[in-house]
Amino acid sequence: VGVEAQALVDGRHLLVTPGMVNAHTHSPEALRRGAIDATLLQPWFESVWRRLDALDPEEIALAVQLCAAEMLRSGVTAVVDHFRQSPLSMRTTAAVARAWNETGLRATLALMLRDRAWPAWAAAPAPTTGALLELCTDAARQWHEPSGTLRVALGPSAPTRCSDELLRGCARLAGDAGLHVHMHCDETTEEAALARAMYGRSAVAHLGGLELLGPGVSLAHAVWVDEDDIAHLAASGTAVVHNPVSNLRLGSGRAPLERFLAQGVRVAIGSDGAASNDTQNVREALKTAILLPRIVLREPGEWPTVYDALRMATACPAAAFGLGSGTLAAGEPADFACYDLREPAFSPVNDLHAQFVLAGPGLAARHVVVAGRMVLYEGEILTFDESRTLAGAQALAA
Ligand SMILES: [Zn+2]
């Protein structure tokens with residue numbers, strides 16, 4: 001109603017699905033995909049981020065476009081960019097906000113914060129806790145638009161990389177300004193052990209004590225949580241973002257997806273950054289997510305299903321990040337993707353849901369609409385010049 005048609009599309013051979021959400025990535029890493037293989041998380045940090053921690057605005061825009069191109073083709077309409085630069089500044093935040101706006105995707109910009117364990121290679125000293133919270137307040141005032149396509153969120157790097165003062169400040173600011181809080185938690189066994197050594201209890205229990213669990217909070221990874229943590233996450237309504245490909249890639253371990261689902265934890269899917277994946281393809285992450293538990297669970301009835309996978313990419317992240325219901329229905333955001341049913345992945349059609357998840361990591365969307373706007377049409381991105389982006393990235397690498 002009140003919207004003019006932009007294009008008339010022949011839908012007779014199309015499958016139309018709700019747009020998927022990639023609930024955890026780090027856009028700058030698109031410039032370092034494939035660069036550092038066979039490395040654990042800790043040494044990986046320095047290898048990857050020493051070169052990415054101080055990008056200029058043009059490089060940030062290139063990285064965002066690289067992510068957007070791949071995500072749009074995989075049928076993603078919304079992303080949570082846990083955006084890291086050390087130090088974070090209004091200049092780089094403006095660059096990433098502008099870049100996401102130009103792609104046409106919905107983006108939640110979770111500004112990565114840390115006032116502990118500051119990277120040794122960072123050009124400037126660690127910012128003060130107050131300066132970080134002030135920057136987030138200013139960024140939210142400038143770019144947080146819940147009714148539009150861009151939101152600002154608070155993104156503590158991980159509980160152990162932040163002072164309790166910073167974490168409490170995030171809880172306060174989240175409440176005052178209505179911002180989501182997104183952070184890494186218990187990604188590796190070392191990090192989980194460090195939290196226990198620092199706090200005398202698990203990271204999840206510590207976050208609960210700081211009032212940093214709840215429906216407005218999401219934790220990426222949660223690989224090394226125990227049953228008490230899982231119960232705490234479920235009871236508080238905290239979402240977990242599962243990144244199975246990244247966790248495998250960095251040898252971090254396997255998050256207990258089947259326990260999350262059995263206990264009623266809300267689970268979203270993430271690719272994680274392209275330097276630890278190395279794609280931004282959410283359907284590949286979904287397929288991995290539901291196959292991985294089969295290594296350890298002998299009873300097929302316990303295996304997560306393709307329907308669990310589809311909810312992890314639509315309804316669950318939509319609820320967690322305030323993006324409607326994640327379904328195709330009147331009154332919902334007009335975020336959807338169209339696929340050609342004549343593709344090999346759907347030939348023959350035996351079970352559309354299973355084929356969408358299991359046959360289709362390489363399946364590309366034909367059209368993508370975000371917030372009622374055609375962003376990808378006949379396989380071509382309409383919002384930016386993709387060939388220029390690819391050439392720019394190649395020139396930068398050289
Ligand atoms: Zn991450």
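Mentor: Let's begin with Pro-348, which lies in the loop between β10 (336-340) and α14 (352-359). Keep in mind that this is a predicted model.

Trainee: What makes the peptide bond between Ser-347 and Pro-348 a cis bond?

Mentor: Look at omega: for this bond the angle is about -5°, and the bond is cis. Another cis bond runs from Ser-86 to Pro-87, with omega near 0°. Pro-87 sits in the loop between β3 (76-83) and α3 (90-103). As background, most peptide bonds are trans.

Trainee: Which phi value does Asp-272 have?

Mentor: Asp-272 has a positive phi of about 70°, although it is not a glycine. In general, most residues other than glycine have a negative phi. You will find Asp-272 in the loop between β9 (266-269) and α11 (282-291). Glu-378 is also a residue other than glycine with a positive phi, near 50°, and it lies in the loop between β12 (373-377) and β13 (380-381).

Trainee: Why does Asp-272 count as buried?

Mentor: The cut-off for buried is under 20% relative accessible area. Asp-272 has 3%, so it counts as buried.

Trainee: Which residues coordinate the zinc ion?

Mentor: Asp-272 belongs to that set, through OD, together with His-24, His-26 and His-184, each through NE2. Their distances run from 2.1 to 2.6 Å. A donor must be within 2.8 Å of this metal, so these atoms qualify.

Trainee: Why is the arrangement around the zinc ion called irregular?

Mentor: Check the angles, which run from 85 to 178°.

Trainee: What do His-24 and His-184 tie together?

Mentor: His-24 is in strand β2 (residues 20-25) and His-184 in strand β6 (residues 181-185), so the pair ties together parts that are 160 residues apart in sequence. Both His-24 and His-184 are buried.

Trainee: What makes Asp-308 and Arg-311 a salt bridge?

Mentor: Their closest N and O atoms are 3.0 Å apart. The limit is 4 Å, so the pair passes. They stand three residues apart in helix α12, which separates them by about one helical turn. At 16% relative accessibility Asp-308 is buried, while Arg-311, at 41%, is partly exposed.

Trainee: Why is α12 described as largely enclosed by the rest of the structure?

Mentor: Count the buried residues: six of the eight in α12 (residues 306-313) are buried, so the helix is largely enclosed. Among them are Val-306, Leu-310 and Met-312. At the N-terminal end, Thr-305 caps α12, with a side-chain oxygen 3.2 Å from the backbone nitrogen of Tyr-307.

Trainee: How many salt bridges are there?

Mentor: The count comes to 17. One of them joins Glu-70 and Arg-33, with the closest N and O atoms 2.9 Å apart. Glu-70 lies in helix α2 and Arg-33 in the loop between β2 and α1, so this pair links parts 37 residues apart in sequence. There is also a network of salt bridges linking Asp-340, Arg-342, Arg-366 and Glu-378.

Trainee: What makes Glu-29 a residue with no salt bridge?

Mentor: The nearest side chain of opposite charge, Arg-84, is 7.3 Å away. That is over the 4 Å limit, so no salt bridge is assigned, although Glu-29 is buried. A polar atom of the Glu-29 side chain does lie 3.0 Å from the backbone nitrogen of Ala-275. The limit for a polar contact is 3.5 Å, so this distance falls within it.

Technical notes
Residues numbered from 1 in each chain as written. Predicted model: local features only at pLDDT ≥ 70, side-chain atom pairs only at ≥ 80, totals over all residues. Heavy atoms only, no water. Donors = N, O, S within 2.8 Å, 3.2 Å for Na, K, Ca; no water. Tetrahedral: all angles 85-135°; square planar, octahedral: opposite > 155°, others 65-115°. Helix = DSSP H or I, 4+ residues; strand = E, 2+ residues; numbered from the N terminus. Buried < 20%, exposed > 50% of the residue type's maximum accessible area, 1.4 Å probe, protein only. Polar contact = N/O pair within 3.5 Å; in protein donor to acceptor, adjacent residues only side chain to side chain. Lys, Arg positive; Asp, Glu negative; His and termini not counted.
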